[in-house]
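Hi,

Here is the structure I promised to pass on. Have a look at it first, and then read my notes below.

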Amino acid sequence: MRKKDAYSSLKILHDLNRIDRLRKNKSIVPKTIRIDLNTICNHNCKFCLYQENKNGLSSIGLNENMPKGKLIDSEKLCKLIKQFSKEGVESIVLLGGGEPMLHPDFEKIVKTISKHGLEWGIITNGSRTKDLLKYKNDKNFKWVRVSLDASTSATWKKIHRPKDAVNFNRIIKELKELNKNKREDFLVGLSFVLYKDNYNELGSFIDLSKKLKIDNVRISLDYSGGSLSQHKKYLDKSIKLVNEAKRKYNSEKFTIFNKISPRSHDIETKKNYSKCRFMDFSLNLGADLCVYTCCFGKYSPAFKLGDLKETDFKFFLKKDAKKFKEKFTIDLCPPCWYSGTNRVLEYITQKEPIHSKFIG
Ligand code: SF4
């Protein structure tokens, strides 16, 4: 089992059936659906794309139409999960315009996902880590990524601005529990979004994760300001630190993923692919039961492929998704952190290049 490529954009190359269909200009069923279970959160992280104001969660940029205080209709969702499985979707990521574990029907939803043979993972702020312990033996539960973003309680509090009694030390304690005697194919990861208030703790965060025997850490960059200038003071030295730590620590037991470098590259450079094929492989279902291209486009009408409140998923794929993709253009998109996947897909779905028999 190769754990060190868990976040590689090259993973799509293992799905030769889907790639072959795309090469023949045929449509494919997405492999992953990423689902917002709600738009409610018990934290208010400073760099979150869905910042809270006095009216509740209120997103910024493209996501500014996100409905506030919304819980996905779990009854409808469970019916959709069955349809996803029937059509050939293979995995579900639970995340949110908020904290997914705050959905009161969380248990019913994940049991339905597993019952229909779909694999699932979750991105969470960690405040309900203890509640994940009961799913540890569910073989379809494949990974959890806890947004920690700090190595000390003080910085964690400053950045996450929690509204309930959960504290940093409790999350660390529960992470240890989750990590204990776990299955080989179940990965526990931590994430750290580099920001002006936590860059001093990047090194100690990596050390803490290693000490906790976490499988992987994912270091990325705050995107809420939409530019790199805000990170100027610490960007280069942080990249250096991450690359040195990778050289020192990376192994099958502990992997550091540097997402800062590709993200800063994508913010600064023009897209060098012509269309979004990422959305063929992965789609986002909002808490409003509408389908969107990706996390950037969630809740934005220009990035909405269709509505699954009344529509059957099979019909949606055949009609709404097809129609949307025919007219959608990436000129609408912000710098995109799925560019790596899109570049690979553009290359592999085009005709073979000249002299393809010559290698090297
Ligand atoms: S932002 Fe990226 S993933 Fe989203 S639609 Fe545009 S190219 Fe696709």
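A term to start with: two strands pair if DSSP finds at least two bridges between them. Helices (H or I, at least four residues) and strands (E, at least two) are DSSP runs, numbered from the N terminus. This is a predicted model, where local features need pLDDT of at least 70, side-chain atom pairs count only at pLDDT 80 or more, and totals for chains, interfaces and linings use all residues. Residues are numbered from 1 along each chain as its sequence is written.

Now the sheet. It is open and mixed, with ten strands in the order β9-β8-β7-β6-β5-β4-β1-β10-β11-β12. At the edges, pairing on one side only, are β9 (255-258) and β12 (304-307). Further in, β1 (residues 32-36) and β4 (residues 91-95) run parallel and are joined by five bridges; I33, for one, has I92 of β4 as its bridge partner.

Next, the core, meaning buried Ala, Val, Leu, Ile, Met, Phe, Trp, Tyr and Cys residues joined through C-beta atoms within 7 Å. Buried means that 20 or more other C-beta atoms lie within 10 Å of the residue's own, with C-beta atoms placed from the backbone. The largest core has 78 residues, and F192, L194 and I219 touch the most other members. Strand β7 (residues 187-194) gives the most to this core, five residues.

Finally, which residues are around the ligand? They are C276, F278, M279, T293, C294, F296, G297, I330, C333, C336, Y338 and N342 (C-beta atom, placed from the backbone, within 6 Å of the molecule).

Cheers

Methods
A residue is buried if 20 or more other C-beta atoms lie within 10 Å of its own, exposed if 12 or fewer, and partly exposed in between; C-beta atoms are placed from the backbone.
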